[in-house]
Amino acid sequence: MSAALFERDRHGTAKTYLWMHPIYGATALGMELLHDRLRFLPRPVRALAYTAVIFGAEFTTGWLLRKALGRCPWDYEKRGWSVKGLIRLDYAPFWYAAGLLFEPVREALLRITSEALRQTP
């Protein structure tokens with residue numbers, strides 16, 4: 001994403017790691033488990049909780065990968081406001097937005113899935 005913004009890359013190329021798929025997939029499952037327990041809180045507060053879950057998952061898995069592999073695939077040490085190079089606190093607005101979007105997207109996916117299952121013979 002930074003290449004598209006700062007280097008004017010119109011192709012929108014990005015770099016990611018295979019580790020990110022299971023990490024963020026497991027994080028989404030964690031948010032799903034937390035969802036019903038937080039239902040009584042206002043939505044902005046729930047989004048803060050989801051933000052904390054995302055940061056916690058990224059920090060914990062980065063720390064575990066660093067211990068297991070000798071290094072973490074992502075290194076934020078020299079970029080933004082990092083915590084031990086494992087998370088960037090300047091990403092908080094983006095993770096908060098993801099937390100706000102989590103529930104509406106979840107509900108839409110549940111409706112689509114339910115409708116598809118009803119139409120299946």
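Which residues does Phe 102 touch, not counting residues up to four places away in sequence? Phe 102 touches Ala 28, Met 31, Glu 32, His 35 and Tyr 50; contact here means heavy atoms within 4.5 Å.

The structure is a predicted model, in which local features need pLDDT of at least 70, side-chain atom pairs count only at pLDDT 80 or more, and totals for chains, interfaces and linings use all residues. Residues are numbered from 1 along each chain as its sequence is written, and side-chain values use heavy atoms, with hydrogens and water left out.

The chain holds 4 helices and 2 strands. Their order from the N terminus is α-α-α-β-β-α. Helices (H or I, at least four residues) and strands (E, at least two) are DSSP runs, numbered from the N terminus. The radius of gyration of the chain is 17 Å, well over the 14 Å that the globule rule gives for 121 residues, so the chain is more spread out than a compact globule. This radius is taken over C-alpha atoms, and the rule is 2.2 Å times the number of residues to the power 0.38. Along the principal axes, the C-alpha atoms fill a box of roughly 50 × 35 × 30 Å.

Of the 121 residues, 26% count as buried. Buried means under 20% relative accessible area, exposed over 50%, and partly exposed in between (1.4 Å probe, protein chains only). Among contacts with a separation of 6 or more, 53% come from residues 24 or more positions apart.

The largest nonpolar core has 8 residues: Met 31, Leu 38, Tyr 50, Ile 54, Phe 55, Ile 87, Trp 95 and Phe 102. Helices α3 (43–69) and α4 (92–119) each supply at least two residues of this core. The most come from α3, with 3 residues. A second, separate core has 7 residues, including Leu 65, Cys 72, Tyr 76 and Leu 86. A nonpolar core is a set of buried Ala, Val, Leu, Ile, Met, Phe, Trp, Tyr and Cys residues joined through side-chain atoms within 4.5 Å.

Lys 84 lies in the loop between β1 (82–83) and β2 (87–88). Its phi is near 55 degrees, a positive value in a residue other than glycine. Most residues other than glycine have a negative phi. Lys 84 is exposed, with a relative accessible area of 57%.

The chain carries 17 positive and 11 negative side chains. Lys and Arg count as positive and Asp and Glu as negative; His and the chain ends are not counted.

How values were computed
Charge placed at Lys NZ, Arg CZ, Asp CG, Glu CD.
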